[in-house]
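Some labels used for protein models rest on a value set against a cut-off.

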Amino acid sequence: MYVEDVARVPRTLGGTRGEELDLPGHKREYDEDDVRIRPGRSSRPRTRTRPKHDDAVDALVITVDRGRYGCFREDGSLDDPIITAMRARELGRKSVVVGDRVALVGDVSGAPGALARIVRISERTSVLRRTADDDDTTPEGRLERVVVANADQLVIVSALADPPPRTGFIDRCLVAAYDADIEPLLCLTKADLAGPAAVLDYYAELDLPHVLIHPDSDLAELRRRLAGQISVMVGHSGVGKSTLVNRLVPDALRAVGVVSAVGKGRHTSTSAVALRLPPVGRSRKDPGWIIDTPGIRSFGLAHVSAESLLHGFPDLVEGTLEDQPNCGHTTADVECHLDAWVADGKADPRRLASYRRLLASRAGDLDFRDHPETELPS
């Protein structure tokens, strides 16, 4: 019990209202406010269960730019605005690329300043990859770049002249398409400057679908092949890819370059973008999407195994059936049956030469960028 005659002065200066100032000789009375109780450990178990986001909106990623993703609603119309979104933290390190089908939550109005979140990425039906180098022992060869996801068709754009067709690049694209289980389509531009006979003869054994493009052609055949599909367009700069995209989608306004005096194009597209094709007439059929990619100088295949590489040359597969399992099909494999297969006229020798160049460059024995392309007769 404390001494009753000790003065107790309320603390009104330099303290909190209701507190008391301790004076010399004053015995302080303690109450429950002076007791600090350390909170105990929560008995509620932590969980990794994530929200299901049942109200999420399905969308297609059409642009990628510095952590912001332009998305288009799967059930949207041509007039719908593009939704800007960012990756949700719950996605971890999962990458998001053009062509991905995603689920969005948050502000999906597409209004200026609105930002949605990507909370889910659907399983990809196909992944088109490339490397900067063929040799998987180099940093460039080990770094895989996903060009696009969920593509149904790879449109390989090649000029018939100015610049001349580069069969080595076409072969690489075909290998990448077959490896990704994507159907290839050869699109030959500038058909007014040269005929397609030499190129088509080179790929005659593949039964490769193709379209010819003239400056004044109506593109009806190409639109028919693009309808209802997601098609990714690849090609060297200068082959007329951007011009073709602008004709297919007049609102695209992709930059158009020129061919230099040495026959090389200038890079005009700087990033991949998915473009909705406009409907044709009154048709209600889905006109499809095209994904325009930047002009690229190389299409490395270090991510493609040596076994899968052969599938890019189906005209040579049957010639390897009698080879030993460890046959590498190179010129150093003296018992390889491919030479006899070609000598019997069952395949074009230029195709075998192209296949072996790819094998050599993939093994690091040849830099394909310094090797001349297969010359086609004019």
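Q: Which element gives the largest share of the lining of the second largest pocket?
A: In this predicted model, the largest share of that lining comes from E14, with 4 residues. Strand E14 (273-276) and strand E3 (57-65) are the elements that give two or more residues to the lining of the second largest pocket. The lining has 16 residues, and those nearest the centre of the pocket are Leu 78, Val 249, Asp 251, Leu 275 and Arg 276. The volume of the second largest pocket is about 380 Å³.

Q: Why is the second largest pocket said to lie between domain 2 (57-121) and domain 3 (148-292)?
A: Both domain 2 (57-121) and domain 3 (148-292) give residues to the lining of the second largest pocket, and therefore the pocket lies between them. By class, its lining residues divide into 12 nonpolar, 1 polar and 3 charged.

Q: What makes E3 and strand E4 a pair?
A: Two strands count as a pair if there are at least two bridges between them, and E3 is joined to E4 (residues 68-73) by 6 bridges, with the strands running antiparallel. Val 61, for example, has Cys 71 in E4 as its bridge partner. The hairpin of E3 and E4 has 2 residues between the strands, and in this hairpin Arg 66 takes a positive phi near 50°.

Q: How do you know that E3 also pairs with strand E6?
A: The requirement is again at least two bridges, and 4 bridges join E3 to E6 (residues 101-106), the two strands running antiparallel. Asp 58 stands opposite Ala 103 in E6.

Q: Why is Leu 219 called buried?
A: Buried means under 20% relative accessible area, and Leu 219, at 5% relative accessibility, therefore counts as buried. Leu 219 has its place in the loop between E12 and helix H4 (220-226), and its phi is near 65°, a positive value in a residue other than glycine.

Q: Why is Asp 207 called exposed?
A: The cut-off for exposed is over 50%, and because its relative accessible area is 69%, Asp 207 is exposed. Asp 207 has a positive phi of about 55° although it is not a glycine, and its place is in the loop between helix H3 (197-202) and strand E12 (210-212).

Q: What makes the peptide bond between Asp 162 and Pro 163 a cis bond?
A: The value to look at is omega, which is about 0° for the bond that joins Asp 162 and Pro 163, and this bond is cis. Pro 163 has its place in the loop between strand E10 (153-159) and helix H2 (167-179).

Q: What lines the second largest cavity?
A: Pro 163 is one of the lining residues, which also include Pro 164, Pro 165, Arg 166, His 236 and Val 239. The elements that give two or more residues to this lining are E10 and H2, and E10 gives the largest share, 3 residues. By class, the lining has 8 nonpolar, 2 polar and 1 charged residues.

How values were computed:
Residues numbered from 1 in each chain as written. Predicted model: local features only at pLDDT ≥ 70, side-chain atom pairs only at ≥ 80, totals over all residues. Heavy atoms only, no water. Buried < 20%, exposed > 50% of the residue type's maximum accessible area, 1.4 Å probe, protein only. 1 Å grid on protein atoms, 1.4 Å probe; cavity = no way out; pocket = protein on both sides within 12 Å on 5 of 7 lines; lining within 4 Å. Nonpolar A, V, L, I, M, F, W, Y, C, P; charged D, E, K, R; others polar. Points joined across faces, edges and corners; volume = space filled by probe spheres on them. Domains from an automatic or database assignment.
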